[in-house]
Amino acid sequence: MKISKTALTKNNNPIILLETENKNFKKTILFIGVFHGDEPQGEALIKRFIKNLDETKLVNKLLFIPCLNPDGKDLNTRQNANRVDLNRNFPTQNWEVVQNPDYFGGDRPESEAETRFMAEIIEEYKPSFILSFHAPFEIVNFDGPAHIEAEKIAELCGYPSQGDIGYSTPGSFGTYAGVERNIPIITLELSETESIDDLWKRTEKVFEYCAQF
Ligand SMILES: [Zn+2]
């Protein structure tokens with residue numbers, strides 16, 4: 001495992017992309033934690049998966065961003081330090097200025113370092129499959145051609161699969177990567193009350209499934 005890309009946030013926290021070092025691989029799979037700063041579960045789960053990972057047995061290259069929003073994590077806010085919801089800041093066709101401060105997507109698309117970091121990774125690595133961790137809805141949401149994979153992951157983790165989250169998400173990462181770039185992307189909405197040990201029991205098989213996508 002190596003650090004293959006970094007960026008700095010407004011508050012000078014590093015955002016880190018980790019990459020497995022296997023030379024032979026079929027596909028590239030991306031795992032993302034802490035898109036929203038007050039949803040820290042994904043980072044703990046990614047770190048636990050990495051700790052137990054045997055790189056010699058991998059069929060795919062794996063990429064990990066354990067924490068996309070370290071400023072928000074420090075501040076315990078959904079948004080980053082500029083009060084921007086990163087999951088509304090992507091340059092999608094449906095991007096618009098959102099007045100609700102809870103979902104403020106910035107003054108313009110890709111105004112935020114975290115969003116640009118993410119978009120660069122999509123362009124450079126062209127992942128075949130993406131798993132992004134959120135909370136607290138306890139559903140397997142998907143964008144792009146990921147219907148069958150969402151059903152499988154739902155079966156593995158015990159949360160229902162749901163294609164439409166029920167409200168519009170202009171400038172979301174799911175729209176950017178899934179809808180507009182046709183990359184299958186799963187947004188796994190975890191419980192915020194379950195312990196990390198219990199969440200790990202739910203998601204260990206999900207990691208293994210995605211790693212072998
Ligand atoms: Zn979220």
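Helices and strands are here DSSP runs, of at least four residues (H or I) and at least two residues (E) respectively, numbered from the N terminus. On that basis the secondary structure of this protein, a predicted model, amounts to 6 helices and 8 strands. Starting at the N terminus, these elements follow the order β-β-β-α-β-α-α-β-β-α-β-α-β-α. The radius of gyration is 16 Å, close to the 17 Å that the globule rule gives for 213 residues, so the protein is as compact as a globular protein of that length.

**Overall dimensions and contacts**

- The C-alpha trace spans about 45 × 35 × 35 Å along its principal axes.
- Buried residues make up 46% of the 213 residues of the protein.
- Of the contacts between residues at least 6 apart in sequence, 72% join residues at least 24 apart.

- An open sheet is formed by 8 strands in the order 1-2-4-3-5-8-6-7, with mixed pairing.
- Strand 2 (residues 14-19) pairs with strand 4 in the antiparallel sense over 2 bridges, and Leu-18 stands opposite Phe-64 in strand 4.

**Helices against the sheet**

- Helix 3 (residues 113-125) lies across strand 1, strand 2, strand 3 and strand 4. Relative to strand 1, helix 3 runs at about 145 degrees.
- In helix 1 (residues 41-51), the buried residues are Gln-41, Gly-42, Glu-43, Leu-45, Ile-46 and Phe-49.

- In soluble globular proteins, nonpolar side chains tend to be buried together.
- The largest nonpolar core in this model has 47 residues, of which Ile-32, Leu-68, Ile-130, Val-140 and Ile-186 touch the most other members. Helix 6 supplies the largest share of this core, 5 residues.
- Apart from its neighbours within four places in sequence, Ile-130 is in contact with Leu-30, Ile-32, Ala-177, Ile-183 and Ile-185.

**Surroundings of Thr-175**

- Thr-175 belongs to helix 5 (residues 173-179). Thr-175 counts as buried because it has 23 C-beta neighbours inside 10 Å, and the cut-off for burial is 20 or more.
- Once residues up to four places away in sequence are set aside, Thr-175 touches Phe-90, Thr-92, Asn-94, Asp-143, Thr-169 and Glu-180.
- Arg-88 is 87 residues from Thr-175 in sequence, and the two C-alpha atoms are 9.7 Å apart in space.

**Backbone features in loops**

- The peptide bond from Ala-135 to Pro-136 is cis, with omega near 10 degrees. Pro-136 lies in the loop between strand 5 and strand 6 (139-143).
- Val-34, in the loop between strand 3 and helix 1, has a phi near 55 degrees, a positive value in a residue other than glycine. Val-34 counts as buried because 27 C-beta neighbours lie inside 10 Å.
- Glu-110, in the loop between helix 2 (70-75) and helix 3, has a positive phi of about 60 degrees although it is not a glycine. With 17 C-beta neighbours inside 10 Å, Glu-110 counts as partly exposed.

How values were computed:
Residues numbered from 1 in each chain as written. Predicted model: local features only at pLDDT ≥ 70, side-chain atom pairs only at ≥ 80, totals over all residues. Buried ≥ 20, exposed ≤ 12 C-beta atoms within 10 Å, placed from the backbone. Contact = placed C-beta atoms within 7 Å. Core = buried A, V, L, I, M, F, W, Y, C linked by C-beta atoms within 7 Å. Pairing = 2+ DSSP bridges. Axes fitted to C-alpha atoms, helices over the stretch in contact; angles between N-to-C directions. Rg over C-alpha atoms; globule rule 2.2 N^0.38 Å.
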